[in-house]
Amino acid sequence: MNNPQVLQLKQYCNSLISYSRRKTRVVNIGEVPLGGDNPIRVQSMTTVDTMDTMGSVEQVIRMVDAGCEYVRITAPSLKEAQNLQEIKKELRLRGYSVPLIADIHFTPNAAELAARIVEKVRINPGNYADKKRFEEIEYTDAAYQAELDRIRIKFTPLVKICKQHGTAMRIGTNHGSLSDRILSRYGDTPLGMVESALEFLRVCEDLNYYNIVLSMKSSNPQVMVQAYRMLVQKLDEEGFQPYPLHLGVTEAGDGEDGRIKSSVGIGTLLEDGLGDTVRVSLTEEPEAEVPVAQELVNRYTSRKTTVAIPTIKEYPIDPFVYTRRTTHEVQNIGGHQVPRVMADFSLKQKITPASLFALGYHYSVPLDKWNLADNACDYVFANNTIIDFEIPGTLGIVYSHNVWLANRAKARSYPFIKAKDYVSGVEQSDKLNFIYACLPDVNLQLIKKLKADSTAVLLIDTYTDHGMAEQRRLFVELIENDCKVPVMIGRAYRDLKVDQLQIYSGTDMGGLLIDGLGDGVFIAAENCGSDKLVNETAFNILQATRTRISKTEYISCPSCGRTLFDLQETTAKIRARTSHLKGVKIGIMGCIVNGPGEMADADYGYVGSGPGRITLYKGREVVKKNVPTPQAVDELINLIKDGGDWIEMPN
Ligand code: SF4
């Protein structure tokens with residue numbers, strides 16, 4: 001049954017203005033049902049070799065004790081699929097009834113065996129019946145149809161076994177492991193990802209099998225968000241069942257990068273009510289993923305829209321394609337400028353040169369000059385605290401209006417003006433003015449004045465629970481009125497743990513930036529961590545949304561039973577040597593079976609190809625095969641040098 005609201009509004013969710021979870025079909029997975037009105041479930045995947053029964057059991061128990069509601073275990077071949085029986089038996093003996101999911105790539109016979117043993121199987125439609133060749137072949141319609149017929153024949157036995165045994169299935173598309181057939185027709189696109197799943201879904205529905213969960217993962221949160229949205233719309237448009245969604249960003253990495261990247265992708269979708277289960281993929285122990293997933297999900301258990309947000313008649317933002325909102329340039333904000341970062345120093349009694357160290361500015365006494373890190377912030381909101389030393393030439397200081405009036409002669413100082421004062425005509429800077437507004441402040445009078453002002457930048461804020469949607473509504477108002485004022489997205493947090501700050505701000509700001517909304521970010525974080533951490537969080541959000549690249553990006557797999565080296569240790573080693581390379585994407589993958597596909601758009605790849613052996617990639621091309629592990633990091637650096645992407649590490 002098509003959802004008329006979705007069709008009519010060309011939307012991908014129930015509501016763009018109030019929190020409303022998408023109604024999905026309930027899928028039974030052992031004793032833990034998914035979808036419908038069930039809570040959004042948290043899951044993860046083991047990293048121990050599946051043949052190590054006791055090691056796997058111990059790890060599953062640690063995961064379940066941490067709050068994991070489903071556990072996925074890789075089954076690369078028949079012997080691992082068979083061993084799932086032993087793992088399950090031991091877990092049940094120890095009183096653990098957690099549903100197990102077999103992760104399958106390339107091997108239908110392993111899937112068919114696993115589907116008789118565990119509660120759910122995950123297949124990747126990009127490689128279930130396909131060998132990945134990275135070849136773009138031109139398919140005629142007849143050849144394409146022949147491929148679909150071949151898939152149907154290969155896939156039907158699994159569907160029948162799942163039906164017979166009450167086993168659930170995830171059809172899990174991964175950007176980067178799409179079949180040659182899909183790539184040739186749709187390219188490496190969100191639409192290709194959706195079609196890849198639909199090819200298999202059609203077979204399932206033809207056989208009246210509906211115990212299905214869908215996912216559209218990518219290591220690029222932008223692609224991932226677009227693909228899930230498109231999937232929802234396609235399911236509706238083509239009259240498929242409303243299957244529950246499993247959300248995940250693949251190869252998100254570790255530490256704050258992994259947390260923020262996951263929040264940008266997963267959080268953005270959860271905000272719009274999409275998603276029934278979440279897996280956060282970090283290059284850390286699987287039990288460390290669980291609290292991050294819980295933190296993401298828990299924000300929605302009692303989410304209410306406390307203040308009504310005005311309806312949207314026609315949504316002017318394309319949710320399926322990234323397009324940056326058109327703005328004019330004011331100083332270095334808006335237009336084609338990268339999004340800017342403003343730090344909040346408004347609570348400081350005194351600001352000294354040392355205070356700026358945390359914001360990426362380092363003063364060299366012998367040289368008498370400021371050195372800038374790649375994550376040096378662009379503006380500081382000092383409010384009423386006067387800065388009485390010479391500031392770096394790239395930094396602007398924002399004062400409250402009164403303080404600015406008395407200090408307007410200071411270099412690069414700009415006023416912060418409340419919307420109502422701005423409309424009433426207070427004195428302004430002739431260069432740059434930050435106009436502070438929440439959605440209720442935005443009216444035609446304000447918009448008219450902003451449109452006529454080439455010095456105004458809007459600094460927006462929100463005080464409601466459903467703040468991302470409120471701020472998005474503000475952008476809609478500006479777009480509808482053809483107002484091209486640049487906008488800095490402001491959010492205030494208080495008394496949060498570091499993880500929470502990263503997850504909340506990643507979601508709240510990432511959800512806007514990913515749709516091309518916002519020309520800068522301003523995080524006010526009282527008692528949430530150091531100034532340095534807050535500044536890095538802002539830059540990491542811009543990096544994760546790919547709107548401002550300030551450092552190397554690592555696409556590292558979370559590791560699983562196939563992993564051929566210590567991923568955490570290797571990632572740390574590579575990071576230590578390459579973290580100064582701005583804008584280079586390095587894939588670090590545990591195995592050659594899935595790694596090359598999973599690292600999708602990495603510039604360089606470090607992939608386990610056998611015990612103690614690494615294969616190095618430039619883009620999708622193999623450059624060096626089976627390098628012994630002790631030399632592999634050095635060889636990777638040589639490869640980056642040969643590729644012209646190397647710069648020496650600054651002292
Ligand atoms: S790329 Fe990493 S997580 Fe994926 S199958 Fe290989 S080792 Fe496992």
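## The second largest cavity

Four nonpolar, three polar and four charged residues make up the lining of the second largest cavity. (Here Ala, Val, Leu, Ile, Met, Phe, Trp, Tyr, Cys and Pro count as nonpolar, Asp, Glu, Lys and Arg as charged, and the others, Gly among them, as polar.) This is a predicted model, so local features need pLDDT of at least 70 and side-chain atom pairs count only at 80 or more, while totals for chains, interfaces and linings use all residues. Residues are numbered from 1 along each chain as its sequence is written, and side-chain values use heavy atoms, with hydrogens and water left out.

The volume of the second largest cavity comes to about 110 Å³. Lining it are Ala 252, Asp 257, Ile 260, Lys 261, Asn 540, Gln 543, Ala 544, Lys 551, Thr 552, Glu 553 and Tyr 554. Two or more of the lining residues come from each of α9, α16 and β19 (553–556). (Helices, H or I with at least four residues, and strands, E with at least two, are DSSP runs numbered from the N terminus.)

## The largest cavity

The largest cavity holds about 320 Å³ of space, and of the 24 residues lining the largest cavity, Met 45, His 105, Glu 251, Pro 558 and Glu 598 are the closest to its centre. On a 1 Å grid over the protein atoms alone, a cavity is a set of points where a 1.4 Å probe fits but cannot get out, a pocket is an open set with protein on both sides within 12 Å along at least five of seven lines, and lining residues have an atom within 4 Å of a point. Points are joined across faces, edges and corners, and a volume is the space filled by probe spheres set on them.

What is the lining of the largest cavity made of, by class? The residues split into six nonpolar, nine polar and nine charged. As for secondary structure, β5 (168–174) and α18 (595–598) each put at least two residues into this lining.

## The two pockets

The largest pocket has a volume of about 650 Å³. Its lining runs to 32 residues, with Asp 344, Ser 346, Phe 522, Ala 524 and Ala 525 nearest the centre. By class, that's 20 nonpolar, four polar and eight charged residues. At least two lining residues come from each of β9 (340–344), β14 (413–418), β16 (456–460), β17 (487–494), β18 (520–526) and α16 (531–544).

Next up is the second largest pocket, at about 510 Å³. Of the 25 residues in its lining, Ala 373, Asn 375, Glu 536, Lys 551 and Ser 579 lie nearest the centre. Helices α9 (255–271) and α16 are the elements giving two or more residues to this lining, and α16 gives the most, with five. The class breakdown for the second largest pocket is six nonpolar, 10 polar and nine charged. Lys 551 also turns up in the lining of the second largest cavity.

Since Tyr 128 lies in the loop between β4 (120–123) and α5 (141–165), and Phe 200 in helix α7 (residues 190–206), the pair ties together parts 72 residues apart in sequence. Tyr 128 is buried, at 1% relative accessible area, and Phe 200 is buried too, at 0%. Tyr 139 and Tyr 144 form another edge-to-face pair, with 5.9 Å between centres and 80 degrees between planes, and both of these tyrosines are buried. (Rings of Phe, Tyr and Trp, its six-membered ring, pair if centres lie within 6.5 Å; planes under 30 degrees apart are stacked, over 60 edge-to-face, the rest tilted. Buried is under 20% relative accessible area, exposed over 50%, partly exposed in between, with a 1.4 Å probe and protein chains only.)

Ring pairs also join Phe 381, Phe 416, Tyr 436 and Phe 522 into a cluster. Phe 522 is one of the residues nearest the centre of the largest pocket.

## Whole chain

The protein chain has 19 helices and 23 strands. Its radius of gyration is 26 Å, close to the 26 Å that the globule rule gives for 651 residues, so the chain is as compact as a globular protein of that length. (The radius is taken over C-alpha atoms; the rule is 2.2 Å times the number of residues to the power 0.38.) The C-alpha trace spans about 75 × 60 × 55 Å along its principal axes, and 61% of the 651 residues are buried.
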